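Hi there,

Here is the structure I promised to pass on.

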Amino acid sequence: MIIGVIGSGTMGAGIAQVAAQAGNQVIVIDTKQEVLDQAESNLIHSLQKLVVKGKMENDQSNTIKKNIQWHTSIENLSPCDLVIEAIVEKLEVKESVFKQLESIVGKHCILASNTSSLSITSIAASCLYPERVIGIHFFNPAPIMELVEIIPALQTSPAVIKETKAIITSWKKKVVTAKDT
């Protein structure tokens, strides 16, 4: 499975690590190369600390690093099966990103937001295919916190809800369904 993550801040990078650690190929997108470089450097440092503490084998650390690609162009998300957005908490920015994503990814791709404060239904309403939009809210720090909230929009299809739960559960996370508010 190919996972896209938009935003390489603390949450985006953490989500990318979780997905890569579960064996997925991950494409991380951020508009600024220096932010991507810093996120990659932070990830390498964090993984090395885990190796030194004996909590992770060096091979596993290397695999995680190889599973993640870092890019500045959203066009690189075209092969993704799931894209998780973890950017600024502004509805109009998220709506714009989701509209752009729809023209890049295939119709099978699930579009998710990590938002904890904005309506998933509102984000979905801006899309041509709102039935594939869902909230996947990780808690910080994503690699450590077990709980992940799945937040269906009013428009989210039951198949997307089921598939999203299966994906996140396969990442060794405890999934709970939350209402969109």
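**Cysteines**

The sulfur of Cys80 has its closest cysteine sulfur in Cys109, and at 5.9 Å that is too far for a bond. A disulfide here is a pair of cysteine sulfur atoms within 2.5 Å, and by this rule the count comes to zero. Cys127 is in no disulfide either: the nearest cysteine sulfur, that of Cys109, is 11 Å away. Cys80 counts as buried because its relative accessibility is 0%, and Cys127 counts as buried at 8%. (Buried means under 20% relative accessible area, exposed over 50%, and partly exposed in between, with a 1.4 Å probe and protein chains only.)

Before you read on, please keep in mind that this is a predicted model, where local features need pLDDT of at least 70, side-chain atom pairs count only at pLDDT 80 or more, and totals for chains, interfaces and linings use all residues. Residues are numbered from 1 along each chain as its sequence is written, and side-chain values use heavy atoms, with hydrogens and water left out.

The largest pocket holds about 740 Å³ of space. Its lining has 30 residues, and the closest to its centre are Gln17, Ser46, Leu50, Pro143 and Ile144. Two helices, α1 (10-21) and α2 (33-52), are the elements that give two or more residues to this lining, and α2 provides the largest share, eight residues. By class, twelve of the lining residues are nonpolar, twelve polar and six charged.

The second largest pocket has a volume of about 160 Å³. Among the residues that line the second largest pocket are Ile6, Gly7, Asp30, Thr72 and Gln100. Its lining has five nonpolar, four polar and one charged residues.

For the terms: a pocket is an open set of points on a 1 Å grid over the protein atoms alone, where a 1.4 Å probe fits, with protein on both sides within 12 Å along at least five of seven lines; lining residues have an atom within 4 Å of a point. A volume is the space filled by probe spheres set on the points, which are joined across faces, edges and corners. Ala, Val, Leu, Ile, Met, Phe, Trp, Tyr, Cys and Pro count as nonpolar, Asp, Glu, Lys and Arg as charged, and the others, Gly among them, as polar.

**Ser122**

Ser122 sits in helix α5 (residues 120-125); helices are DSSP runs of H or I with at least four residues, numbered from the N terminus. Ser122 counts as partly exposed, at 30% relative accessibility. Beyond its neighbours within four places in sequence, Ser122 is in contact (heavy atoms within 4.5 Å) with Leu91 and Glu95.

Best wishes
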